[in-house]
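Please look at the model below.

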Amino acid sequence: EKSKAGSSWLGSPPVRLRRAPQGSDDERTFAPPTRLRVVRGVIELCRLLPVMVSVALAVTVLAALEWLVQRWGVGAAALLGGLVLGVAGAVAAGITTVAKWLLVGRIQPVEHPLWSGFVWRNEVVDTFVEMVAGPWFAWTATGTPAINVWLRSLGARIGRGVWCETYWLPEADLVHLGDGATVNRGCVLQTHLFHDRIMSMDTVILEAGATLGPNSVILPAARIAAGATVGPGSLVLRGEAVPTGTRWCGNPIVPWSAKASL
């Protein structure tokens, strides 16, 4: 009730986000000309491509299983079905990695206005992740060494012995997970935010032995120091640094105590 016009709030209970308005050309933020609208429309159509790739993989898998049935019978097809799906998953992961590097390349901690080619191409990459790598590979590979290998292929820096049970690293190049770090199921390592229609990207770092609890979110420019723990369902705000060996929880995070847990 006391919020002022133009202010931003987050959390439960809500806290005010203090930030200066971002300055940018209105043509690239709030008032794009017709030519930019047309270009965006063309690039948006490209988001049909990963859907087509996913359908093509499904048809190929069905054809392969049918061939196995015809060649060696239902029993052999059942035994080799896992191998067929495994190959399809590897192909899906590989296609997504290739698409990422072709469309956006190496991502740096910079800013881009909403109406820019990078933002639109990055959204196409996200569609490849959601429609191709996700259902064919990442949904079942989370929490295994395979997911770490794939995330490294996207540009993430992942140390030894990392437990990663999520694939939501929107800009993998900006994520660093130290040796023995733990990222639990449902977490989002959010490396970008939109403020005033400007996409601002920065790094997300979990140092050695750090833990991000289930269904938690960590925002850009934030760091969880070595051996520190962030509890489940928590939010690490932009630019925050969780000290070494400490325990935090909440939305946004506060020191983890018996009272905080309630």
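## Helix H3

H3 bends by about 45° at Leu80. The bend is the angle between axes fitted to the seven residues ending at a position and the seven starting there. This is a predicted model: local features need pLDDT of at least 70, side-chain atom pairs count only at pLDDT 80 or more, and totals for chains, interfaces and linings use all residues. Residues are numbered from 1 along each chain as its sequence is written, and side-chain values use heavy atoms, with hydrogens and water left out.

H3 covers residues 74-103, which is 30 residues. From first C-alpha to last, H3 reaches 41 Å, close to the 44 Å expected at 1.5 Å a residue. That expected span is 1.5 Å times one less than the number of residues. Helices (H or I, at least four residues) and strands (E, at least two) are DSSP runs, numbered from the N terminus. After H3 comes Gly105, with a positive phi near 65°.

Which residues of H3 are buried? They are Ala76, Ala77, Gly81, Val84, Ala88, Gly89, Ala92, Ala93, Thr96, Thr97, Ala99 and Lys100. Buried means under 20% relative accessible area, exposed means over 50%, and partly exposed lies in between (1.4 Å probe, protein chains only). The buried residues of H3 pack against helix H2 (48-72), helix H4 (117-141) and helix H5 (145-153).

## Aromatic pairs

A pair of aromatic rings is described by the distance of the centres and the angle of the planes. Rings of Phe, Tyr and Trp (its six-membered ring) pair if their centres lie within 6.5 Å; planes under 30 degrees apart count as stacked, over 60 as edge-to-face and the rest as tilted. A search of the whole structure finds four aromatic pairs. One of them is Phe137 with Trp150, an edge-to-face pair at 5.7 Å centre to centre and 70° between the planes. Phe137 lies in helix H4 and Trp150 in helix H5, so this pair ties together parts 13 residues apart in sequence. Both Phe137 and Trp150 are buried.

The rings of Tyr167 and Trp168 have centres 4.9 Å apart and planes at 25°, so this pair is stacked. Tyr167 counts as buried at 12% relative accessibility. Trp168 is partly exposed, with a relative accessible area of 35%.

## Charges over rings

A charge sits over a ring if NZ of Lys or CZ of Arg is within 6 Å of the ring centre and within 35 degrees of the ring normal. The charged end of Arg40 sits over the ring of Trp115, 4.9 Å from its centre. Lys100 lies over the face of Trp101, at 3.4 Å from the ring centre.

## The whole chain

The chain has six helices and 19 strands. Its C-alpha trace spans about 70 × 55 × 35 Å along the principal axes. Of the 262 residues, 43% count as buried.

Contact means heavy atoms within 4.5 Å. Among contacts between residues at least 6 apart in sequence, 44% join residues at least 24 apart. The chain exposes about 13700 Å², and carbon and sulfur atoms supply 63% of it. Accessible areas come from the Shrake-Rupley method with a 1.4 Å probe; for residues, only the protein chains shown count as cover.

Pro32 lies in the loop between strand S2 (15-17) and helix H1 (34-45). Pro32 is buried, with a relative accessible area of 9%. Leaving aside neighbours within four places in sequence, Pro32 is in contact with Asp26, Glu27, Arg37 and Trp115.

Phe194 sits in strand S9 (residues 192-195). Phe194 is partly exposed, at 37% relative accessible area. Phe194 and Leu114 are 80 residues apart in sequence and 8.2 Å apart in space, C-alpha to C-alpha. With neighbours within four places set aside, Phe194 is in contact with Leu114, Val119 and Met199.

## Backbone details

A cis peptide bond joins Asn251 and Pro252, with omega about -5°. Pro252 is placed in the loop between strand S18 (247-249) and strand S19 (254-255).

Asn215 is not a glycine, yet has a positive phi of about 60°. Asn215 lies in the loop between strand S12 (211-212) and strand S13 (217-218). Asn215 is exposed, with a relative accessible area of 52%. Ala221, also not a glycine, has a positive phi of about 65°. Ala221 lies in the loop between S13 and strand S14 (222-224). Ala221 is partly exposed, at 30% relative accessible area.
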